[in-house]
Amino acid sequence: MGNRSLDEIHNRAESLIEVDGVHVPLRFGEVADEYAAFRVGAALVDRSHLGRIEQSGADAIDLLHRLSTADIESLAEGEARRTILASERGRILDVFTVVRRAERPLLLLTSGAFKNLLLEKIEFYTITEDSTLEDVSATTAQLAIAGPGSAAVMSDLSGASVASLPAGRHTEVVIGGDRVLVIAASDGINPRFDLILDADSASGVWDAITSAGALPVGREAAEAYRVEIGVPTAGREISERINPLEADLLDLIDFDKGCYIGQEVIARLDTYDKVQRKLVGLQAMGGLSEGDLLQSDGREIGWTATVVDSPAFDGLIALGFVRNEHAEDGTRLATEAGIEVTVCDLPMDPA
Amino acid sequence: MVSVEKSSVPINTIRITEKAAKKVREYAARDGMEKFGLKVAVKGGGCSGLLYVLEIVDGPDEGDKVIEDGGLEVYIPKKAFVFLAGTELDFGDGLNGKGFSFNNPNAKRSCGCGDSFGV
């Protein structure tokens, strides 16, 4: 795999890293500057390693509505909505965004880690329905403009009406002569625009966005920011080990829509307050690795999922899961190796 | 606690109990249908992953497996039959009756309402 236009972007990076079998830029310059773009500027991120699937057919929406946690039936053209495909046991198989376009197939934006699982599961449950899936990840690119300055960049590129699109809405624009689908989103702190385009257009669109003032940012800074704001990601915080309530994804569940796969278990967890562990931020006083077990008084009460070196905290921070009784801000825990770890509320406050 | 009897229906067919067949005829008569059959299918969804679909229709669709049982024609889409082979369709009435119910040997799990199952 590989696309010449995406390669051109990657050639400008100082270094690359492989994520889910695909190369992504690790950093373009100083990590501290790139991190600052998320907090006080506009960051431009290549997210093409994520999965993109087109779903066509008359029953596509009905099928996704029946299978996943969000209300997909009411999704209108011009809207995008995140939803969860859960297992019968109420555990997360994948979190993905359904984008409904006029006279085009649905676009499903998913992770790189769980794309094949999502394809496999939807295909399994397509029995007599008119629904066809096509993996378009290799022929399309995905960029994101994030940070408080992202609306100004978007306005410069496509005008004020696109820049002021509310989260969950999308539109098609032309950037540098190429057609780009712009999906307005939010990371909970700042606005973000997800851009889907033909892979061959990637470097041209990338250049137009940097000319409009966004700073190219690699994965290192993007991951540091993600951990601080507490966004769970596939293969780390999101896995079949975890249910949606533990991962703080309550917003993606419609409790009034009726049945979907896993509904009985998820509704019971919510009604009887049966959720036993919680996604938290963690600040380490020493070496920390992903998958480290966390202890309190020698008893195992959680684990770390993503560990990053944070410019704002000037040290290692992490996202992880701990049992509810140890989830309060300021709780002191330790790894098996005796490294002290402090629990922090999400989003973590670097101030 | 719901006890589930093991179905004794051969694996190459499905069976409709007399109670269920009678109820289907009642519904067809109410709708004024003279020639009809029962479509039994499966679709993705429900708590356990798959949902049963019952519909009174005027004939089979192309590719449907056609079975006759209890004097009733039953149409099953071929792709749905793999999930339904050996199933018995029953009907329970009364205030606490569960309506149409499926005793499906392929179902490893069923949800509380009985409308959904997993394989």
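In chain A of this predicted model, residues 24 or more positions apart account for 65% of the contacts with a separation of 6 or more. Chain B has its own figure: among its contacts between residues at least 6 apart in sequence, 55% join residues at least 24 apart.

**The two chains as a whole**

Chain A is built from nine helices and 19 strands. Its radius of gyration is 20 Å, close to the 20 Å the globule rule gives for 351 residues, so chain A is as compact as a globular protein of that length. Chain B has two helices and nine strands, and reading along its sequence you get β-α-β-β-β-β-α-β-β-β-β. Here the radius of gyration is 14 Å, close to the 14 Å from the globule rule for 119 residues, so chain B too is as compact as a globular protein of its length.

Here's how some of the overall values line up:

| Property | Chain A | Chain B |
|---|---|---|
| C-alpha extent along the principal axes | about 60 × 50 × 35 Å | roughly 40 × 35 × 25 Å |
| Buried residues | 54% of 351 residues | 47% of 119 residues |
| Accessible surface | about 14,800 Å² | about 6,700 Å² |
| Carbon and sulfur part of that surface | 43% | 50% |

Now the charges. Chain A carries 31 positive and 59 negative side chains, and the centres of those two sets lie 3 Å apart. In chain B the count is 16 positive and 17 negative, with 7 Å between the two centres.

**Domains of chain A**

Chain A splits into three parts: domain 1 takes in 4-50 + 138-229, domain 2 covers 52-135, and domain 3 runs over 276-351. So where do domains 2 and 3 sit relative to each other? Taken over C-alpha atoms, the centres of domain 2 of chain A and domain 3 of chain A are separated by 34 Å.

**Helix H3 of chain A**

Helix H3 of chain A spans residues 60-67, and seven of its eight residues are buried, so the helix is largely enclosed by the rest of the structure. The buried set is A:Ala60, A:Ile61, A:Leu63, A:Leu64, A:His65, A:Arg66 and A:Leu67. For orientation along a helix like this, remember that an α-helix has 3.6 residues a turn, so residues three or four places apart point the same way.

**A:Ser150**

A:Ser150 belongs to helix H5 of chain A, residues 150-158. Buried or exposed? Its relative accessibility is 0%, so A:Ser150 counts as buried. Leave aside the neighbours within four places in sequence, and A:Ser150 is in contact with A:Gly41, A:Ala42, A:Ile145, A:Pro191, A:Arg192 and A:Phe193. As for A:Ala163, 13 residues separate it from A:Ser150 in sequence, and the C-alpha to C-alpha distance is 8.2 Å.

**A:Ala212**

A:Ala212 sits in the loop between helix H7 (202-211) and strand S13 (215-217) of chain A. With a relative accessibility of 16%, A:Ala212 counts as buried, because the cut-off is under 20%. What does A:Ala212 touch, not counting residues up to four places away in sequence? The partners are A:Val153, A:Asp156 and A:Leu157. Take A:Asp156: A:Ala212 is 56 residues from it in sequence, yet their C-alpha atoms are 6.1 Å apart in space.

Terms used
Residues are numbered from 1 along each chain as its sequence is written. Chains are lettered from A and ligands numbered from 1 in the order in which they are written. This is a predicted model: local features need pLDDT of at least 70, side-chain atom pairs count only at pLDDT 80 or more; totals for chains, interfaces and linings use all residues. Side-chain values use heavy atoms; hydrogens and water are left out. Domain bounds come from an automatic or database domain assignment. Helices (H or I, at least four residues) and strands (E, at least two) are DSSP runs, numbered from the N terminus. The radius of gyration is taken over C-alpha atoms; the globule rule is 2.2 Å times the number of residues to the power 0.38. Buried means under 20% relative accessible area, exposed over 50%, partly exposed in between (1.4 Å probe, protein chains only). Contact means heavy atoms within 4.5 Å. Accessible areas come from the Shrake-Rupley method with a 1.4 Å probe; for residues, only the protein chains shown count as cover. Lys and Arg count as positive and Asp and Glu as negative; His and the chain ends are not counted. The place of a charge is taken as NZ of Lys, CZ of Arg, CG of Asp or CD of Glu.
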